[in-house]
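My entries follow in the order in which I looked things up.

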Amino acid sequence: VAPRSREVAVAAVAHGSGMVGPRSYGPYDKLSYDKQSGRSSRAAVAPTMLLPWEGKSGLDVRPYDKLLNKAAPVVVPLLVGYGSKVFKPLYSLADKVRNRKADTEARQATSNAYKPCVIFSSRTIKDEAAYKSAFAEYAEGAMVREGVRACFSFMDRDKEMTAVQFAWYDSASDLVPEPPALKECYCGTVATDYTQTWGKWNADFKAALQTDMCKYSFVEEVRGFLKEPTEANAKGFATGEPPMIWISKRDILPGRMEAAGSSFQCGTDRMYTAAPAALGICEFTDPVDENATWSLRVFNDYNTGFKAHFPVPSPILFRMVFNVIPEWVPGPFPLGFSFSSQDYITEAVKSNGGNAAYAHHRRHCQPLLL
């Protein structure tokens, strides 16, 4: 276990074990796809055969990847710092000529049509043992429901007596309210605790969630995508590999949110098909700070998710380094969390040193069938 990392059992019954304990991370068996019902299933789905140039599921570090890892710390800053000054105006002109907004709206009919609800929270708790027990019981019950895609919690590595929580529902009607026993574990205030909710929530969803002392935020407009478990996306949901989930809050240069968001959507439109196991790459503007975004990444595999979403070289790479990354305020993100296996974390940091800024919460268990 990493120093200062205090993991919480999260729910979901792992395949073949039925065990939920401090080293059990997440309900990701609900990310599998069942062709007959057209929805997620607890049964594993055989991975679809990938073409040779698409790569294979798993963690495969090739000599080319090692070369990129060494070159990236030098090349990427040059592309962001100098390349963007030359090419960003050209991208802007091309987008105007092509009517980028209309083009993006048309493509979103496919890549952003799914309207789930995602919740991310940071909660101060009274007693760690009591919280672990109450949350595990709650999440186990939630995960047996068909519309609950993920529900897990970890103790924050860097804040004492603080738990972070993540939940992904297929729709607002799939919300599973927290029971009184779990709510009794909280002792924070609106100054210390927060819950960020984005997606197609409604009034009933909002009322069911806002029941205690916490700063709640609700946003509908989301850039990017979260994939629906349909037959077309079955390959990405059926990798059999451990997932990697990243959540961060990023500061944007004043007045540059619209430009950054437009190019981000363009890049994610391409990522949607380029990375089958990138189940979610999305962001939304902070409802309080117009110059900050909340970002979510859900990769259901390293090769066909994490690595494939940012191929080098590619139009995705140039769109992002010339038009999106330059709009970020330099320096570490104000908040950053990573939930993954240690192997994935290690390689992700090697590929991009900036990933070391995330508070990594390691997953200690055998890979679940996804």
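**Entry 1: Met155.** I began with Met155, which is buried because its relative accessible area is 0%; buried means under 20% relative accessible area, exposed over 50% and partly exposed in between, with a 1.4 Å probe and protein chains only. Met155 is found in strand β4, residues 148–155, where strands (E, at least two residues) and helices (H or I, at least four) are DSSP runs numbered from the N terminus. I also looked up the spacing to Lys132, 23 residues apart from Met155 along the chain, and found 9.2 Å between the two C-alpha atoms.

**Entry 2: ground rules.** I note that this is a predicted model, in which local features need pLDDT of at least 70 and side-chain atom pairs count only at pLDDT 80 or more, while totals for chains, interfaces and linings use all residues. Residues are numbered from 1 along each chain as its sequence is written, and side-chain values use heavy atoms, with hydrogens and water left out.

**Entry 3: the whole chain.** I find ten helices and 13 strands in the chain, and 51% of its 370 residues count as buried. Taking contact to mean heavy atoms within 4.5 Å, I read that residues 24 or more positions apart account for 76% of the contacts with a separation of 6 or more.

**Entry 4: α9 and α7.** I turned to α9, which is mostly covered, with seven of its nine residues buried; among them are Ile316, Leu317, Met320 and Phe322. The axes of α7 (residues 257–274) and α9 (residues 315–323) come within 9 Å and cross at roughly 160°, which makes α7 roughly antiparallel to α9. The axes are lines fitted to C-alpha atoms, for helices over the stretch in contact, and the angles run from 0 to 180 degrees between N-to-C directions; angles under 35 degrees count as roughly parallel, over 145 as roughly antiparallel, 65 to 115 as roughly perpendicular and the rest as oblique. On the α7 side I listed Ala260, Ser263, Phe264, Cys266, Gly267, Arg270, Met271 and Ala274, which meet Pro315, Ile316, Arg319, Met320 and Asn323 in α9. The residues of this contact divide into eight nonpolar, three polar and two charged, where Ala, Val, Leu, Ile, Met, Phe, Trp, Tyr, Cys and Pro count as nonpolar, Asp, Glu, Lys and Arg as charged, and the others, Gly among them, as polar.

**Entry 5: α9 and α1.** Which way does α1 run relative to α9? The axes of α1 (residues 63–98) and α9 come within 7 Å and cross at roughly 105°, and the two helices are therefore roughly perpendicular to each other. Leu79, Val80, Gly83, Ser84, Phe87, Lys88, Tyr91 and Asp95 of α1 make the contact with Phe318, Arg319, Val321, Phe322 and Asn323 of α9. I count these by class as seven nonpolar, three polar and three charged.

Entry 6: The peptide bond from Val312 to Pro313 is cis, with omega near -10°, and Pro313 has its place in the loop between α8 (302–307) and α9. Pro311 lies in the loop between α8 and α9 and counts as partly exposed because its relative accessibility is 27%. Leaving aside its neighbours within four places in sequence, Pro311 is in contact with Ile316 and Leu317.

Entry 7: Asp65 lies in helix α1 and counts as buried at 9% relative accessibility. Its side chain makes a polar contact of 3.0 Å with the side chain of Lys307; a polar contact is a pair of N or O atoms within 3.5 Å, and within protein one must be able to donate a hydrogen and the other to accept it, with residues adjacent in sequence counting only if both atoms are side-chain atoms. Arg223 has its place in strand β8, residues 223–226, and counts as buried at 11% relative accessibility. A polar contact of 3.1 Å joins the side chains of Arg223 and Thr285, and beyond neighbours within four places in sequence Arg223 is in contact with residues including Met257, Gly261 and Phe264.

**Entry 8: Met161.** Last, I looked at Met161, which has a positive phi of about 55° although it is not a glycine. Met161 lies in the loop between β4 and β5 (162–169), and at 26% relative accessibility Met161 counts as partly exposed.
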